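Let's take a walk through this chain together. Have the sequence and the 3D view open as you read.

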Amino acid sequence: MTLSNKLSDPRLFRQYAYVDGKWTHGDGNREEAVFDPATGETLGHIPWLEPHQITASVDAAEAAFVHWRALRADERCERLLAWYDLLQANREDLALLMTLEQGKPLPDARGEVEYGASFVRWFAEEGKRTFGETIPSHIPNAALGTLKEPVGIAALITPWNFPLAMITRKAAAAMAAGCTVIVKPAGETPFSALALAELAERAGIPAGVFNVVLGDPPEVSRTLCFDDRVKALSFTGSTRVGRLLLEQSANTVKRVSLELGGNAPFIVGPDMDPREAAFAAVAAKFQTAGQDCLAADRILVHESIHDEFVEHFAERMAALTVGNGLESEIDLGPLIHRQAVEKAAAIVDDAISKGATLVAGDQSQAPGENFFMPVLLTGVTHDMKIWHEESFAPVAGITAYADDDQVIEMANDTEYGLAAYLYTHDIRRIWKILRALEFGMVSVNSVKMTGPPVPFGGVKHSGLGREGGVTGIDEYLETKYYCLGALGSVSGS
Ligand SMILES: NC(=O)c1ccc[n+]([C@@H]2O[C@H](COP(=O)([O-])OP(=O)(O)OC[C@H]3O[C@@H](n4cnc5c(N)ncnc54)[C@H](O)[C@@H]3O)[C@@H](O)[C@H]2O)c1
Ligand SMILES: N[C@@H](CC=O)C(=O)O
């Protein structure tokens, strides 16, 4: 059975790029296969566009910008809300496509469709509130103020771990601001992006406003970064590639937003119930099989409750089920590909060779070659890879600490600064640690921290700028200052 036959609406499965409102094949006959990471089965093929076709997508976005920016904000809002309604109406098909190409369990995929759609609704509304300001004038007979204007064409480059929400969090903000967008999804998970394009078209979003290009990643990115007409680049992915794109955007002085890797500490205070904290830590570590920029990578537990915490963590972890995300009652799907499994195994071996204790994690139980059974390591230290690298795998590392000052130092001992978790009910400890943590987001006594109203993003090598919230749309807006002089008798205004 082909993938399209599995969907209620087969037209949501597209194997073409989408440029200027047209489904487009590659002029050079280059293509890439897309696999189901759970079974290794080929799901379909996508074309690779040639550089001149990427440039043509910029031509299309440039032409469409003239009309899209000229619409009233409430007119753009109507179209974005129509897109939102279609995402909701097609939730089951979108979730199925996502599980097939990404591997996450179907309930998680449904959750991501909801999550992704929620950004479209949020920014549809925020587009109506891009207010400028009035400035009390210091110049006689003049009126001063600011206007907010769309930056222009935005290139959006996204990863495979959240194939839909990482696109909508950018695209909806940009489009609500009046920008046109060119999306380059990850080659591992293009079908969610292409289904988004199909639904954008049905929602009445005009040709050239939302484009999806496919191709060789360095070639596509270079073409977009070097094109002076592309005014903004928003990237979500690894810090390694983020640095490269920042460099490539320098010559054309683009507006760059980067949502990069994380290495989240999960701090547990001495006052916590070890069972409650351990269950929360399991939830924060193993979502999306650990392939989440918010995954709790270093679990730092006060020495007075460490042993009990480890017991509860191991007990909860043992209950997690690993398997094909299409089956029911699965907690962890596969990793995205074999290299990810090899990287996870290397991180575990490195930790053990440097003195960590393997408490649980028997890889002989893995149900397939892309699967990695959850691993629990204790006695994790600064010299191990797991301390510094984002494992992007279900590998949990626990370390004991003695006091607040030590745990602050340990938590900040990373080049990353995306998110941190803190579990304690002591308000003084909360305030002290919260202020001392060098992270863009700190979640206290809650695993869930994301959603449309929050400014999502990191500091240090985890990124630049914020997505979501009331400021997310600013990444796609320029402030134009105006001075209206010689107005006659307006002094004092
Ligand atoms: N901060 C966040 O909001 C956030 C969210 C999701 C994922 N991430 C991060 O994303 C990473 C995992 O995703 P990934 O493996 O897809 O990241 P990645 O950096 O390998 O790829 C991201 C995108 O960049 C493209 N790309 C890859 N190599 C490139 C190159 N040389 N030149 C130009 N483009 C290139 C890919 O095709 C993909 O579209 C993790 O580090 C994770 O923390 C961050
Ligand atoms: N879970 C994150 C994505 C990180 O990989 C989010 O909510 O944006």
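**A pair of packed helices**

Let's begin with helix 10 (residues 274-286) and helix 11 (residues 306-318), which pack at an angle of about 50 degrees with their axes 8 Å apart. Bear in mind as you look that this is a predicted model. Two packed helices are described by the angle between their axes together with the distance between those axes. Angles under 35 degrees would count as roughly parallel and those from 65 to 115 as roughly perpendicular, and helix 10 and helix 11 are therefore oblique to each other. Their crossing is right-handed.

Which residues bring the two together? On the helix 10 side they are Pro274, Arg275, Ala277, Ala278, Phe279, Ala281, Val282 and Phe286, and they meet Glu308, Phe309, His312, Phe313, Glu315, Arg316 and Met317 of helix 11. Sorted by class, this contact has ten nonpolar, one polar and four charged residues.

Now step back to the domain. An unreviewed UniProt entry lists residues 23-481 under "domain: Aldehyde dehydrogenase".

Next, please find Glu259, which the unreviewed UniProt entry lists as "active site". You will see Glu259 in strand 11 (residues 255-259). Is Glu259 buried or exposed? Its relative accessible area is 4%, and buried means under 20%, so Glu259 is buried. What surrounds it? Setting aside residues up to four places away in sequence, Glu259 touches Lys170, Phe235, Thr236, Gly237, Leu418, Phe456, Gly457, Gly458, Ser462, Gly465, Arg466 and Glu467.

Strand 11 also takes part in the packing around helix 9 (residues 239-248). The buried residues of helix 9 are Thr239, Gly242, Leu245 and Gln248. These residues pack against strand 11, and also against strand 7 (153-157), helix 8 (217-226) and strand 10 (230-236).

Our last stop is Ala197, in helix 7 (residues 190-202). With a relative accessible area of 0%, Ala197 is buried. Apart from its neighbours within four places in sequence, Ala197 is in contact with Tyr18, Trp23, Phe210 and Val212.

Notes: Residues numbered from 1 in each chain as written. Chains lettered and ligands numbered in written order. Predicted model: local features only at pLDDT ≥ 70, side-chain atom pairs only at ≥ 80, totals over all residues. Heavy atoms only, no water. UniProt positions renumbered as here; feature names shortened; annotations may be inferred. Helix = DSSP H or I, 4+ residues; strand = E, 2+ residues; numbered from the N terminus. Buried < 20%, exposed > 50% of the residue type's maximum accessible area, 1.4 Å probe, protein only. Contact = heavy atoms within 4.5 Å. Axes fitted to C-alpha atoms, helices over the stretch in contact; angles between N-to-C directions. Parallel < 35°, antiparallel > 145°, perpendicular 65-115°, else oblique. Left-handed = near helix turned anticlockwise from the far one by under 90°. Nonpolar A, V, L, I, M, F, W, Y, C, P; charged D, E, K, R; others polar.
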